[in-house]
Amino acid sequence: MAQQSLFETGQNHPLASRLRPTDLDGFVGQKHLLGEGKVLRQLIEQDMVSSMIFWGPPGVGKTTLARIIAGKTKANFIDFSAVTSGIKEIREVMSRAENDRLLGEKTILFVDEIHRFNKAQQDAFLPFVEKGSIILIGATTENPSFEVNSALLSRCKVFVLQALAQEDLVQLLQNALADPKGFGEQQVEISQKMLEMIAAFANGDARTALNTLEMVVLNAERRGEKTIVSEEILEQCISKKSLLYDKNGEEHYNLISALHKSMRNSDPDAAVYWLARMLEAGEDPLYIARRLVRYASEDIGLADPSALSLAVAAYQACHFIGMPECSVNLTEAVIYFSVTPKSNALYTAYERAKKDALTMLAEPVPLQIRNAPTKLMKELHYGEGYQYAHDTEEKLTAMQCLPDSLLGKKYYRPTEQGRESRIKERLEQIEQWKEQHREKQQ
């Protein structure tokens, strides 16, 4: 546990450290946990905090939130590192915390990177957590279900912290420019566009955003009392000269369109290039992964049903490991989607059905496929004539399921691409069988 020298000043600390908020009102992001009326905020404000684990990517406020909790609850705060501490250090700290408990004082033990502790080290916390000697707050970037002992995990509430949104990071940068502990006493000129570029580069990480701003301001041009940040300085500091783009602007949509259409055109080289352009410009990998999930059904569909599973797996991989590691997961999906058979039959089927659904909202459900849970419904002929397909040898019936006005409509029109050709053949066999049996019933 590090102690501050008597000769250190706050200005020697990095910007991110100087601007660390001391209360919930100054905390940026995590509104799903800390917004008005949300569960974690209520626990903190009512001083009902118990042991917990914060799970989330770097730079989202795990340590800051633990310090705010300690201040709000008037508890002793011990910052413990899983990298430099062993069982001996754990027991020494626990003994001190137990003595404080007997004197009526709370101790919050914050363990950064708790997933780095081995089983024996994690087990050493258990008896002290159980008898309330400490309130354990662990922080981890890894899934605690896999990295934290089940016995310890069962005694902790897990809160998932999310990467900060771009607007949260921009707000954080604006606060840094206005706060006297930041650059509030300097006349820093930097455009809103450049702040958005820094936020995009930080990719959800507040520490990265503030460190980048500090580097940019320190390297900016001085003109009298003014500090002027140019786009050239910004590009040099983040090494992203030609790749920066506004994630809400036209270039953002141009690039995702280029990726989508390159895959649709079965051009894996172009698709990977556009993917790299987006990722290296700071695009959120989860945004790209969500677009791939849509693409898998819209442009591939039943020509290759495994595409959707791959897209969802790519999204999960991006969520688990983030950038830069998840770039290879997205590349796998993009190349596979580029070379696999394509079909937009699902998309066109829904669009045709949607058009009819919107113009024929009052069409009644045929009586034979309505449920009849009550006597009155049975008397009104609900469910009358229903045919249970599993009771037949072919697992088929000729029962009508569309309203009379839509009888004979074909929304799904399978193509000859990939697996869909087999589906088309199967549908033709089903239609032929139903037609023959309808004729027999007439």
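On a 1 Å grid over the protein atoms alone, a pocket is an open set of points where a 1.4 Å probe fits, with protein on both sides within 12 Å along at least five of seven lines, and its lining residues have an atom within 4 Å of a point. The model examined here is predicted, so to speak plainly of confidence, local features need pLDDT of at least 70 and side-chain atom pairs count only at pLDDT 80 or more, while totals for chains, interfaces and linings use all residues. Residues are numbered from 1 along each chain as its sequence is written, and side-chain values use heavy atoms, without hydrogens and water.

The second largest pocket has 33 lining residues, and Ala 16, Arg 20, Gly 61, Thr 64 and Ala 206 lie nearest its centre. Two or more lining residues come from each of α1 (15-18), α4 (62-72), β4 (135-140), α9 and α11 (206-218); helices (H or I, at least four residues) and strands (E, at least two) are DSSP runs, numbered from the N terminus. The most, 4 residues, comes from α11.

Turning to the largest pocket, 49 residues line it, with Ala 163, Asn 203, Gly 204, Asp 284 and Pro 285 nearest the centre. At least two lining residues are supplied by each of α2 (31-34), α9 (166-178), α10 (192-202), α14 (268-280), α15 (285-300) and α16 (306-321). Here α16 provides the largest share, 5 residues.
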